[in-house]
Amino acid sequence: MVLKVSGLNKSYLQGDGTFLEVLKGIDFNLLKGESVAVMGESGSGKTTFLNCVAGLDRFNSGQVLLLDKDLSSLKDKDLGLARNRLLGFVFQFHYLLKDFSVKENVMMPCLISGETQSRAEERALSILEKIRLLHKAESFPKQLSGGEQQRAAIARALVMNPSLLVMDEPTGNLDEHLSDDIIATVLKFCKENNTGILMATHNSKIAGMMDKILRLKEGVLWNQE
Ligand SMILES: Nc1ncnc2c1ncn2[C@@H]1O[C@H](COP(=O)(O)OP(=O)(O)OP(=O)(O)O)[C@@H](O)[C@H]1O
Ligand SMILES: [Mg+2]
C-alpha cells in the first residue's frame with residue numbers, strides 16, 4: 001500500500017466566519033503502481049483532497065499514511081523531506097522556475113535531497129529522455145509550448161522516482177490530443193517503475209486511462225458507476 005487515508009476531515013474558515021466542510025471522513029487506499037482518477041464538480045474538493053494527501057495542506061482530523069509514514073505527525077522539516085523522497089506533485093499550471101533551464105528545474109529535487117551536481121544532472125537527463133523532452137533540456141520555460149512545460153513539470157515530479165505521483169488537473173489547459181499523449185507517457189513510466197498515480201481531472205477520457213475512477217461528491221469518494 002502506497003497511500004492509506006482514513007477518516008479525513010477538512011474544513012475551511014470562510015469570509016463570513018462560518019466553516020465550510022469540504023472533506024467529510026474520506027477513506028481511501030492506493031496500491032503500489034495503481035492509478036486512480038478523482039473526478040467531481042468544480043468546488044467539490046478535489047484540490048483540497050490532493051493537497052491534504054500530499055502534505056501541502058494540514059487537515060482537521062483523520063490520518064494520511066504515505067508508505068506507512070503518518071503525515072500529520074511529521075514536523076514541517078520532516079514533512080518536506082518525506083515529500084521530496086516519496087512524492088511527486090504536478091499542478092494545473094506548471095510552476096517551473098523561469099530563470100532556470102528545463103534541465104536545472106528537473107535537477108532541483110535531487111539537489112535539495114543532497115545529491116551531487118553530476119548525479120542530479122544524470123538523473124534529470126535520464127527522466128527527460130523517458131518523458132521525451134531531452135531535446136529541450138537546455139531551453140528555458142518560456143521557450144517551451146504549454147505541453148512541453150507540463151512535461152517538464154512532470155519530469156521534475158518523477159526525477160526522484162517517487163512512490164506516488166499526485167497530479168491536479170495536469171492537462172487542464174492543453175488540447176485533447178496532447179493530453180492523451182502526455183498521460184500515456186506518464187502511465188507507461190509509472191507502470192514500469194511501480195509508481196502510484198492519484199490524479200484529479202475533469203477529462204473523462206483521461207480518467208478512463210487510469211485503473212480506477214472515483215467521484216468526489218458531498219465530501220466523500222464514490223466508486224464510479
Ligand atoms: N483557502 C480556502 N479558504 C476557504 N475556502 C476554500 C479555500 N480553498 C478552497 N476553498 C473552498 O473549498 C471548496 C473546495 O475547493 P477545491 O479547490 O478543493 O475544489 P475543486 O474540486 O478542486 O474545484 P475545481 O474543479 O474548480 O478545481 C470550494 O468551495 C472552495 O471555495
Ligand atoms: Mg481544483
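**Loops and helix packing in a predicted model**

Leaving aside its neighbours within four places in sequence, Gln 14 is in contact with Phe 19 and Leu 20. The structure described here is a predicted model, and in it Gln 14 is placed in the loop that lies between strand E1 (3-13) and strand E2 (19-30). Gln 14 counts as exposed, because 9 C-beta neighbours are found inside 10 Å and a residue with 12 or fewer is classed in this way.

Most residues other than glycine have a negative phi. Asn 194, although it is not a glycine, has a positive phi of about 60 degrees, and its place is in the loop between helix H6 and strand E8 (196-200). With 13 other C-beta atoms within 10 Å, Asn 194 is partly exposed. Glu 218 likewise has a positive phi, near 55 degrees, in a residue other than glycine, and it is found in the loop that runs between strand E9 (212-217) and strand E10 (220-223). Here 10 other C-beta atoms lie within 10 Å, so that Glu 218 is exposed.

The packing of two helices was then considered. Helix H5 (residues 146-158) packs with helix H6 (residues 176-193) at an angle of about 15 degrees, and the axes of the two helices are 11 Å apart. Because angles under 35 degrees count as roughly parallel, H5 is described as roughly parallel to H6, and the crossing of the two helices is right-handed. On the side of H5 the contact is made by Gly 147, Gln 150, Arg 151, Ile 154 and Leu 158, while on the side of H6 it is made by Leu 178, Ile 182, Val 186 and Phe 189. Sorted by class, the residues of this contact comprise six that are nonpolar, two that are polar and one that is charged.

Finally, the protein was described as a whole. It has seven helices and 10 strands. Its radius of gyration is 17 Å, close to the 17 Å that the globule rule gives for 225 residues, and the protein is therefore as compact as a globular protein of that length. Along the principal axes, the C-alpha trace spans about 50 × 40 × 35 Å. Buried residues account for 40% of the 225 residues, and among the contacts between residues at least 6 apart in sequence, 69% join residues that are at least 24 apart.

Technical notes
Residues are numbered from 1 along each chain as its sequence is written. Chains are lettered from A and ligands numbered from 1 in the order in which they are written. This is a predicted model: local features need pLDDT of at least 70, side-chain atom pairs count only at pLDDT 80 or more; totals for chains, interfaces and linings use all residues. Helices (H or I, at least four residues) and strands (E, at least two) are DSSP runs, numbered from the N terminus. The radius of gyration is taken over C-alpha atoms; the globule rule is 2.2 Å times the number of residues to the power 0.38. A residue is buried if 20 or more other C-beta atoms lie within 10 Å of its own, exposed if 12 or fewer, and partly exposed in between; C-beta atoms are placed from the backbone. Two residues are in contact if their C-beta atoms, placed from the backbone, lie within 7 Å. Axes are lines fitted to C-alpha atoms, for helices over the stretch in contact, and angles run from 0 to 180 degrees between N-to-C directions. Angles under 35 degrees count as roughly parallel, over 145 as roughly antiparallel, 65 to 115 as roughly perpendicular and the rest as oblique. A crossing is left-handed if the near helix is turned anticlockwise from the far one by less than a right angle, and right-handed if clockwise. Ala, Val, Leu, Ile, Met, Phe, Trp, Tyr, Cys and Pro count as nonpolar, Asp, Glu, Lys and Arg as charged, and the others, Gly among them, as polar.
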